[in-house]
Amino acid sequence: MDHERAREQLVARLDEQGRIERDSTREALLSVPRHEFVPENRRKDAYDDRPLPIGADQTISAPHMVAIMTDLLAPEAGDSVLEIGTGCGYHAAVTAAITDGVKSVEYHASLAESARERLTELGYAVDVRVGDGHDGWPEHAPYDGAYLTCAAPAIPEPVAEQVRPGGAIVAPIGTHRQTLVRARRRADGSLDRTEHGGVRFVPMQG
């Protein structure tokens with residue numbers, strides 16, 4: 001299979017559907033080899049625009065959702081970004097292709113280990129640790145932005161506190177019904193929220 005050609009066709013379809021707004025998001029999706037982040041027996045499906053299982057009852061997000069979340073976060077080169085829910089590492093790789101660095105917290109040790117190895121082999125500047133994402137990763141705060149790849153009832157307060165004023169947090173919020181939320185942290189610590197449609201993510205662990 002010509003993975004590069006399949007990736008180009010996927011990004012072209014997302015463009016046609018209006019799923020990508022920022023040039024940096026488009027370039028990151030074109031550069032990151034999604035097939036390297038899915039189980040070998042699912043690589044033929046790697047450039048379908050849908051979630052795929054990656055083990056431990058977790059999934060790799062559909063490419064259009066990664067595009068939407070990346071556009072909403074709007075990371076810039078040099079930004080420090082916190083990710084909650086490493087999974088297989090694909091979303092972190094897309095973010096790192098723009099920012100040159102991501103700190104990522106994964107609840108499942110087996111996923112964290114395999115993602116760390118994969119990201120290192122592929123040359124992405126992503127630090128992965130095993131932990132409860134509700135706590136964030138305070139040692140490297142403050143961050144310019146943060147995002148969750150798993151659904152929580154609310155944005156975890158420690159994660160919000162670890163984002164600098166003016167920074168954005170993007171997260172699926174809700175239990176049975178989930179909404180994609182972008183929250184901008186104000187100088188007084190409060191959050192200015194906007195909603196961006198219904199979504200379906202695996203629940204946050206911990």
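Some ground rules: residues are numbered from 1 along each chain as its sequence is written, and side-chain values use heavy atoms, leaving out hydrogens and water. In this predicted model, local features need pLDDT of at least 70 and side-chain atom pairs count only at pLDDT 80 or more, while totals for chains, interfaces and linings use all residues.

Let's start with E106, in strand 4, residues 102–106. Strands here are DSSP runs of E with at least two residues, numbered from the N terminus. Is E106 buried or exposed? E106 is buried, meaning under 20% relative accessible area with a 1.4 Å probe, protein chains only. E106 has no salt bridge, which would be a side-chain nitrogen of Lys or Arg within 4 Å of a carboxyl oxygen of Asp or Glu. The nearest side chain of opposite charge, R118, is 10.0 Å away.

Now over to strand 7, residues 163–174, where nine of the twelve residues are buried. Which way do its partners run? Strand 6, residues 143–148, runs parallel to strand 7, joined by four bridges, and there Y143 stands opposite V163. Strand 8, residues 178–185, runs antiparallel to strand 7, with seven bridges. For two strands to pair, DSSP must find at least two bridges between them. Strands 7 and 8 form a hairpin with three residues between them, and G174 stands opposite Q178.

Notes. Buried < 20%, exposed > 50% of the residue type's maximum accessible area, 1.4 Å probe, protein only. Lys, Arg positive; Asp, Glu negative; His and termini not counted.
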